[in-house]
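Please describe the surface, the nonpolar cores, the strand pairing and the aromatic contacts of the structure shown here, with the cut-offs behind each term.

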Amino acid sequence: MGAESERLQALRQRAIEQQQQQQQEPEEVRSQEEILEDLRIHQVELEMQNESLQQSELQHKRVAEQYIELFELIPMAVIVIDSKGYFQQINRAGYQLLGLDASHSKFHRMLIPFLSDLQFMTHLRHTIHAPRHESGEGNSTGYGHFWGETELVDQQKNVHQLEVTAYLQDRGEEEPHYLLVLNDLTERALMERQLAKAELERDSRESQDEFLASMSHELRTPLSSIIGNCDLLLEVEQDSDKRRMLKAIEFSGESQLALVNDILDMSKIDSGKFTIENHPYLFSELLKASEQLVRQRAVDAGLILKIEDCTDLKDLLLGDKGRVGQILLNMLSNAIKFTGQGGEVTLTAWVEHKTLMMEVSDTGVGMSPEGMRKLFGRFEQEDKSISRRFGGSGLGLYISLNLAEMMGGSIDVTSELGVGSRFRLTLPVNCSGKPLPGSMEHKLTLASTRADVAAIGMTLLRGHLLLAEDTPELQMLAQRILERMGVTVEVANNGKEALERVAEGTFDLILMDMQMPVMDGIEACRTLREQGNQIPVIALTANVMQKHRDRFEEAGCNGFVSKPIDRQLLHHSIASFLSPAS
């Protein structure tokens, strides 16, 4: 009790002393309420500071998470390595580029084994640690930068073309770290190679087109003279021996022309530039024209030719009349070629389930199964002896099949060696809805083939024409053909001379060649239109590719007739701008 009493006495004494001190300094005396208020304020301040600290920590955590997420989602490979080349950090794109499994420890793998150039890392380190100079002032090596290209071989031995950007990370550590951004250029390099290859192929196609266009022009020009003059002579020659010789010359010329057309068609098919037209046409007249084109050939070969039209069509068909006729002509010509004297060739047409069926059968040499398998290939024939025995390039059926497929149809063949063959062309029946007419216009059938003009009976015309043509042989031929149609003709040797003639005289129509010296036909036609002269101009040219037609049309041309000259097509073209003779 004594000790406790002494402790209480000491507390009382200390309280008395504090009270006396407070009495001596009254200005510093604070009430209990004030002290409590200060404590509450201090507590609030501490709570606010604590909350701010927590928010700051949370913000730092979010930034770190966003950095990690960004690091992982960057589409380019990002890798952090130490000075020895060991991986410290790799993002997803980095794992994919290296072909590594992300579940494996990265710290036991090095970048160097993946590089084709073993000296690349040495070059990188040397460059990144060399002092840089900006604005003439040297910077510390802790801000080094490197850019370069190299090859990387991934875990699966695939080679990648890389663009490498590297930065020196200054972490204040003894051992430096490098941040590498690897941009995989493999796909871009592949695309660049493919683009270069495509450009090379395009240039090659353009060169091929230019060659074919030039070849076509150079071959068509003499063929125009050969075929045209034979045609004119056959009209007046009565001697049977001379007529046979003229027909032989004409047939040879037409065979060469067919080869030129086949090569041009093949080029357009291969380049994807072949177009199919869609116009109403009279199917029965197409069959008649096809028969007319091969009738004499069949007679000369001692064959029986039959045409059986069982279609009973009530409307004009809608399609590419010229291309359908081209296929039929090819099938009929082949049948006649491979059928011996006394044999029979039959073309039968009928409609079955909204499909137009055209079948050419013959009693010729027939084909083996092996021969039929390569029948529709380019430059293919049943065997090499076919070309020696019967001639031909082996392009006709290849082109015919492609044409049929472009028109939504097909060609099928059955054959037996020593018995004969059957070629069947099937096309969808597309009716135009227009009834069958009986006008003279529908007697103008195959635009690209030749037929007996006398069978159609051309009307004599009246008019004064200007012929712009630089080849003397074709000047003479075209002038003869036109004068027999009833018109008068003046000749100009080039486009410049044609413009001078137009300025000096009056013409009802101009026939314009394309490829001429001094000034070509397209430039001459364009100049006429720029001068405001609207005189009709028809292109009469051996440049027959679609791009040539387009260029003439853009220059203001009103029509297009190809060489060799088809007299019925020429008459039909000029009759649109001239009056019939009285």
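The accessible surface of the chain comes to about 33300 Å², and 51% of it belongs to carbon and sulfur atoms; such areas are computed by the Shrake-Rupley method with a 1.4 Å probe, and for residues only the protein chains shown count as cover. This is a predicted model, in which local features need pLDDT of at least 70 and side-chain atom pairs count only at pLDDT 80 or more, whereas totals for chains, interfaces and linings use all residues. Residues are numbered from 1 along each chain as its sequence is written, and side-chain values use heavy atoms, with hydrogens and water left out.

Of the 582 residues of the chain, 39% count as buried, a term that stands for under 20% relative accessible area, with exposed over 50% and partly exposed in between (1.4 Å probe, protein chains only). The chain has 17 helices and 22 strands, taken as DSSP runs numbered from the N terminus (helices H or I, at least four residues; strands E, at least two).

The largest nonpolar core has 41 residues, and those with the most contacts inside it are F283, M358 and L425; a nonpolar core is a set of buried Ala, Val, Leu, Ile, Met, Phe, Trp, Tyr and Cys residues joined through side-chain atoms within 4.5 Å. At least two residues of this core come from each of several elements, including α6 (240-271), α7 (283-300) and β14 (420-428), while α8 gives the largest share, 7 residues. Apart from this core lies another, of 25 residues, among them I79, L115, L124 and A166.

Leaving aside neighbours within four places in sequence, the residues in contact with M358 (heavy atoms within 4.5 Å) include F283, V324, L328, M331 and L425. The strand β12 is mostly covered, with 7 of its 8 residues buried. Its two pairings, each requiring at least two DSSP bridges between the strands, are set out below.

| Strands | Bridges | Direction | Residues opposite |
|---|---|---|---|
| β11 and β12 | 8 bridges | antiparallel | E352 and T355 |
| β12 and β14 | 7 bridges | antiparallel | L356 and L427 |

In the hairpin of β11 and β12, which has 2 residues between the strands, H353 takes a positive phi near 55°.

A search of the whole structure finds 1 aromatic pair. The ring centres of F552 and F560 lie 6.2 Å apart with their planes at 70°, so this pair is edge-to-face; rings of Phe, Tyr and Trp (its six-membered ring) pair if their centres lie within 6.5 Å, with planes under 30 degrees apart stacked, over 60 edge-to-face and the rest tilted. F552 is buried, at a relative accessible area of 1%, and F560 also counts as buried, at 19% relative accessibility.
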